Amino acid sequence: MSSHMPEGYGADRLRRYLAHFNRDKSQLSRVDHEAIGWATEQERKERQQKPLEVTSDYYDLVTPLGQQFHYTPLSPGLSIREGMIAYEEEFARIARLKRGMHVLDLGCGIGGPTRTIASKVGCQIIGITNSAWHVARGRIITAELGLDNSISFVHGDFMKLPFPDESFDAAYSMESLCYAPDPAACYKEVKRVLKPGAPFTFHDFAMTEKFNERNPEHRKIRNWVEFGNGISKMPWVPEMRKAVKEAGFELLEEENMAYRTAPAPWYYGPAGDIWGAWMTPGWADFWKVVKISPIFLFIVNMIYRLMVFLGWMPVEVLALMDTMWYCCRSVAIGGMMDIFTPMYVFMCRKPAASSDVASGQAVEKSSGG
C-alpha cells in the first residue's frame with residue numbers, strides 16, 4: 001500500500017474486507033460509517049451467511065499489522081503482558097486442565113495462550129485454526145521455544161472438527177467461538193469430541209445482559225464491535241447460556257472476568273486512557289496507550305490527511321486507520337457502557353452419562369459486578 005505498511009501489504013486486503021460492510025461497492029477505499037453504525041438486519045444477515053469469509057478477510061487485513069487480540073483482566077503491579085500471562089495460568093486452573101491431559105484449543109491463532117498453558121500445566125494440546133498462516137507461524141514459534149513435542153497445530157474448522165468422537169480429555173477457547181455462525185452447533189461439535197465427564201471452558205467476546213436490542217445506541221455499538229473485530233454476529237450472554245444447554249453440556253459456572261480487573265478498568269488500553277496507563281506499571285504500556293489516545297490520533301490523522309491530499313500516501317491508509325479505530329474504540333465504549341465484555345467465561349462439562357442433564361444435575365452460577 002505504501003512504505004508505511006508492512007512489506008507486501010496491499011490495498012486489496014482492505015477492499016476485500018470493506019466489501020462486506022460498505023453499501024456502495026464501488027467505493028472501497030473509504031469506510032462507510034453510516035453503513036457500519038446503522039446496518040440493517042438484512043445487511044447483517046447477509047454477512048451471517050458467509051461468516052468464515054468475513055473473519056478470514058478481517059484477519060488477512062489486521063494480522064500483518066501486529067495487532068494483539070487477547071483481552072484479560074488487569075492485575076495490580078503487573079504490566080499488560082505480565083497480567084495476560086498470569087490470567088492464562090489462572091484460566092488453565094479454571095478450565096480444570098491437568099498434567100498429561102489431551103486437550104483441544106479451539107481457535108488457537110498462533111498459539112500464545114496455548115504455549116503458556118502447555119508449559120505451565122504439562123498437558124498435550126492440539127490447536128485448531130482456520131488460518132494457514134496462523135498454523136505456519138504458530139509452529140515456528142512453538143519449535144523455537146522447544147514446545148513442539150507438547151503442542152501441535154491443525155488447519156481446520158471448529159464447526160467441523162477433524163477428530164474422532166470422545167478423543168479429548170478437555171477443551172477450551174479464548175476469544176474465538178464468538179466467530180461461530182451457530183453457537184449451539186459449535187458447542188455440540190465440541191461435545192462430540194470430548195470424553196464423558198470432560199470439561200469445556202471458553203472465554204469470549206459477548207454482549208452482556210445489559211445490552212438492549214431495542215436501544216439504537218446499543219445496536220450501534222454492537223455493530224461497531226462486529227466491524228472492528230471481523231465478527232458476523234456478536235453473541236449475547238443469554239443466548240450463549242441457552243446454546244450451552246441445548247448442546248447438552250452441564251453449565252457449572254459463568255463469570256464476566258471484566259469485573260476482576262484492577263487498578264484500572266480493562267478497557268483503558270483500547271480507550272487510549274492516559275490516566276489509566278499512568279496507574280499501571282511499565283513505560284512500554286504507557287507509550288502504547290499514548291499512541292492511541294484521542295489527542296495523539298487526532299494529530300496523526302491530520303498529518304496523514306495532509307499527506308493523502310498532497311499525494312504522498314494512498315487514501316486507503318485513512319480507511320485502515322478508521323478500521324483500527326473501530327477495533328479499539330468499539331470495545332472500549334461497549335465496556336464503559338457495560339453492554340459488552342471481551343472476557344465472559346462459561347465453565348461447562350460433558351455429562352458422564354447421557355441421563356445426567358435430563359436428571360437436572362447441572363449447577364449454574366452467574367457472577368457480576
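Start by selecting Ile 117. Leaving out residues up to four places away in sequence, Ile 117 touches Glu 88, Phe 91, Ala 92, Leu 97, Gly 122, Cys 123, Ile 125 and Tyr 172, where contact means heavy atoms within 4.5 Å. Before you go on, note that this is a predicted model, in which local features need pLDDT of at least 70 and side-chain atom pairs count only at pLDDT 80 or more, while totals for chains, interfaces and linings use all residues. Residues are numbered from 1 along each chain as its sequence is written, and side-chain values use heavy atoms, with hydrogens and water left out.

**The cores**

Together with Ile 117, they touch the most other members of the largest nonpolar core, which has 62 residues. Such a core is a set of buried Ala, Val, Leu, Ile, Met, Phe, Trp, Tyr and Cys residues joined through side-chain atoms within 4.5 Å. Buried means under 20% relative accessible area, exposed means over 50%, and partly exposed lies in between (1.4 Å probe, protein chains only). Colour helix 15 (residues 316-337) next: with 7 residues, helix 15 gives the most to this core. Helices (H or I, at least four residues) and strands (E, at least two) are DSSP runs, numbered from the N terminus.

Zoom in on Leu 106, in strand 1 (residues 102-106). Is Leu 106 buried or exposed? Leu 106 counts as buried, because its relative accessibility is 0%. Among the residues that Leu 106 touches, beyond four places in sequence, are Ile 128, Phe 158, Leu 161 and Phe 200. For a sense of distance, select Val 317 too: its C-alpha is 33 Å from that of Leu 106, and the two are 211 residues apart in sequence.

**The aromatic rings**

Select Trp 325 and Tyr 326. Their rings form an edge-to-face pair, 5.2 Å centre to centre with 90 degrees between the planes. Rings of Phe, Tyr and Trp (its six-membered ring) pair if their centres lie within 6.5 Å; planes under 30 degrees apart count as stacked, over 60 as edge-to-face and the rest as tilted. Trp 325 is partly exposed, at 33% relative accessible area, whereas Tyr 326 is buried, at 4%.

**Two loops**

Go to Ser 293, in the loop between helix 13 (283-290) and helix 14 (294-309). Beyond four places in sequence, Ser 293 is in contact with Gly 272, Ile 274 and Arg 329. In the loop between helix 14 and helix 15, pick Val 315. Its C-alpha atom is 7.5 Å from that of Arg 30, although 285 residues separate them along the chain.

**Helix 10**

Finish by selecting helix 10 (residues 237-246), whose buried residues are Val 237, Met 240, Arg 241, Ala 243 and Val 244. Why do they lie on the same side of helix 10? They cover an arc of only 165 degrees around the axis, so they fall on the same side; the arc is that of the directions from the helix axis to the C-beta atoms. Just after helix 10, look for Gly 248, which takes a positive phi of about 95 degrees.
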